[in-house]
Amino acid sequence: ILFLCLFIFFISDVFAAHISGGEIFYQYIGPGTLPNTNQYRITLRLFRECTATTPFDNPATIRIFNTSDNSLYSDFSVPLNNVQTISIDPSNYPCITNVPPVCYEVAFYILMVDLPVSVGGYSIVYTRCCRVNNILNITPNTNVGNLFTATIPGTSVLGPGGNNASPVFVLRDTAIVCGGNPFTLDFGASDPDIGDSISFSFCAAYDGPPVGGAAPPPNQ
């Protein structure tokens, strides 16, 4: 399960140049057009500030690996589907004086793909260079990339004829955190597959490509 963590702390107005969060999720559509294949709808969702100077990738490269041996199954060039804007009304946050503008653009990429039925399953991956400026808990903050991933289980987990859709987080927005004030953020998720259970755990973040490696070669 991929974590989408968007904690926003404003000290002064900053102008971000890169994406600041995202997620990958997928839906099982049904049997593929060829025998022994399944069709999936894969969605990549990326956040950036409205003042960002670096455009969203168009197209974005979504990579699919064979989970059993980490070999590359294929690269897919996916065009930008649409961009939505979300913003926060400063009047809802009386705990902050001189509230800065909070505006994010959300890019959506949608890939329809038929994948052969596999024992080991697949890993879906998107990587991108760099992060937003002025992150205090990552050093050096702009030289660390992003990696978003989701796993499609194989028949070793699902059994013959089994299929799966990924859980989807409830959170579809961003938030302001007021220091010293009570704060809750819903990190719940839903799973369309009847009988599936969802668990959560903290783990070390995956690294992504550094500056100059916005689209790493297929062997990375």
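Which residue of β7 is the bridge partner of Arg 63? I looked it up, and the partner is Val 125.

**Entry 1: ground rules.** I am working on a predicted model, where local features need pLDDT of at least 70, side-chain atom pairs count only at pLDDT 80 or more, and totals for chains, interfaces and linings use all residues. Residues are numbered from 1 along each chain as its sequence is written, and side-chain values use heavy atoms, with hydrogens and water left out.

**Entry 2: strand β7 and its neighbours.** I noted that strands are DSSP runs of E with at least two residues, numbered from the N terminus. Two strands pair if DSSP finds at least two bridges between them. Strand β3 (residues 60-66) runs antiparallel to β7, and four bridges join the two. On to β8 (residues 146-152): β7 pairs with this strand over seven bridges, again in the antiparallel sense.

Entry 3: I then followed the order of the strands, which is β4-β3-β7-β8 in an open, antiparallel sheet of four. β4 (71-78) and β8 are the edge strands, as each pairs on one side only. From one strand to the next, the twist averages 20° (axes are lines fitted to C-alpha atoms, and angles run from 0 to 180 degrees between N-to-C directions).

**Entry 4: cover on β7.** Is β7 mostly covered or mostly open? I found seven of its seven residues buried, where buried means under 20% relative accessible area with a 1.4 Å probe, protein chains only. One side carries Tyr 122, Ile 124, Tyr 126 and Arg 128, the other Ser 123, Val 125 and Thr 127, and both faces are covered.

**Entry 5: the cavity.** I searched for cavities (sets of points on a 1 Å grid over the protein atoms alone where a 1.4 Å probe fits but cannot get out). The structure holds one of 30 Å³ or more. The largest cavity has a volume of about 100 Å³, a volume being the space filled by probe spheres set on the points. Twelve residues line this cavity, and the closest to its centre are His 18, Ile 19, Thr 54, Pro 55 and Arg 128; a lining residue has an atom within 4 Å of a point. β2 (37-49) and β7 (122-128) each supply at least two residues of the lining.

Conventions: 1 Å grid on protein atoms, 1.4 Å probe; cavity = no way out; pocket = protein on both sides within 12 Å on 5 of 7 lines; lining within 4 Å. Buried < 20%, exposed > 50% of the residue type's maximum accessible area, 1.4 Å probe, protein only.
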